[in-house]
Amino acid sequence: MRNYIATFILTFTAISLSAATINPIENTTLISNAAVEVTIDDALSDLFNVAEYNTVQNCLEFSVDTNISFIQIFNADGLLEFQLPVLSNKVKISKNIFPSSGDYKLGFMIDGEKDVKFSKVTIK
């Protein structure tokens, strides 16, 4: 009986491991310059119509098809720093809102979507 159970467990484990996906999540770089770098998962790369860094105003500019309800800014530890209401399909985020250089996450809450769309921002 022990042999049957061991055989079943080994077979089940082999089938489970062979069915698992091994494709890592790829990232797309939206903005990369001397001041900032913004990346997003490939699955969300079509979210933005415009994603750029305005060097004159030192701000990130984003544009989407539907309204952005809120933007959440998380620090490197995953703690919420700011939640800003937007209520528009365009938003500008000043570089000065980030307390220091380092890694941050931007969470975009889009009207009609229940999941928050995240991007990674590195302030240089």
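The following conversation goes through a predicted model of a protein, one question at a time.

Visitor: In what order do the elements of the protein run from the N terminus on?
Guide: The predicted model has 1 helix and 7 strands. Read from the N terminus on, the elements of the protein follow the order α-β-β-β-β-β-β-β.

Visitor: What share of contacts in the protein between residues at least 6 apart in sequence join residues at least 24 apart?
Guide: The protein has 124 residues, of which 31% count as buried. Among the contacts between residues at least 6 apart in sequence, the share that joins residues at least 24 apart is 43%.

Visitor: With which residues is Phe 98 in contact, leaving aside its neighbours within four places in sequence?
Guide: Leaving aside neighbours within four places in sequence, the residues in contact with Phe 98 are Leu 60, Ile 73, Ile 93, Tyr 104, Leu 106, Val 121 and Ile 123.

Visitor: Which residue of S7 is the bridge partner of Thr 39?
Guide: Thr 39 lies in strand S2, and S2 runs antiparallel to S7, with 5 bridges joining the two. Leaving aside neighbours within four places in sequence, Thr 39 is in contact with several residues, including Asn 27, Leu 30 and Ser 119. The bridge partner of Thr 39 in S7 is Lys 120.

Visitor: Why is S7 described as largely enclosed by the rest of the structure?
Guide: The description of S7 as largely enclosed by the rest of the structure follows from a count of its buried residues, which is 5 of the 7.

Visitor: How much space lies in the largest pocket, and which residues are the closest to its centre?
Guide: The elements that give two or more residues to the lining of the largest pocket are S2 (36-41), S6 (102-110) and S7 (117-123). The residues of that lining divide into 5 nonpolar, 5 polar and 4 charged. The space in the pocket is about 190 Å³, and of the 14 lining residues the closest to its centre are Thr 39, Lys 105, Phe 118, Ser 119 and Lys 120.

Visitor: Is Thr 39 buried or exposed?
Guide: Thr 39 is one of the residues closest to the centre of the largest pocket. The relative accessible area of Thr 39 is 13%, and the cut-off for this class is under 20%. Thr 39 is therefore buried.

Visitor: Is Asn 54 buried or exposed?
Guide: Asn 54 lies in strand S3 and touches Cys 59 and Glu 61, not counting residues up to four places away in sequence. Asn 54 and Ser 94 are 40 residues apart in sequence, yet 9.3 Å apart in space, C-alpha to C-alpha. At 19% relative accessibility, Asn 54 counts as buried.

Visitor: What distance separates the C-alpha atoms of Ala 76 and Tyr 104?
Guide: Ala 76 is found in the loop between S4 and S5, and at 63% relative accessibility it counts as exposed. Ala 76 and Tyr 104 are 28 residues apart along the chain, and their C-alpha atoms are separated by 5.4 Å.

Visitor: What is the phi of Leu 87?
Guide: Leu 87 is found in strand S5 and is exposed, with a relative accessible area of 64%. Although Leu 87 is not a glycine, its phi is positive, at about 55°.

Conventions:
Residues are numbered from 1 along each chain as its sequence is written. This is a predicted model: local features need pLDDT of at least 70, side-chain atom pairs count only at pLDDT 80 or more; totals for chains, interfaces and linings use all residues. Side-chain values use heavy atoms; hydrogens and water are left out. On a 1 Å grid over the protein atoms alone, a cavity is a set of points where a 1.4 Å probe fits but cannot get out, and a pocket is an open set with protein on both sides within 12 Å along at least five of seven lines; lining residues have an atom within 4 Å of a point. Grid points are joined across faces, edges and corners, and a volume is the space filled by probe spheres set on the points. Helices (H or I, at least four residues) and strands (E, at least two) are DSSP runs, numbered from the N terminus. Ala, Val, Leu, Ile, Met, Phe, Trp, Tyr, Cys and Pro count as nonpolar, Asp, Glu, Lys and Arg as charged, and the others, Gly among them, as polar. Buried means under 20% relative accessible area, exposed over 50%, partly exposed in between (1.4 Å probe, protein chains only). Two strands pair if DSSP finds at least two bridges between them. Contact means heavy atoms within 4.5 Å.
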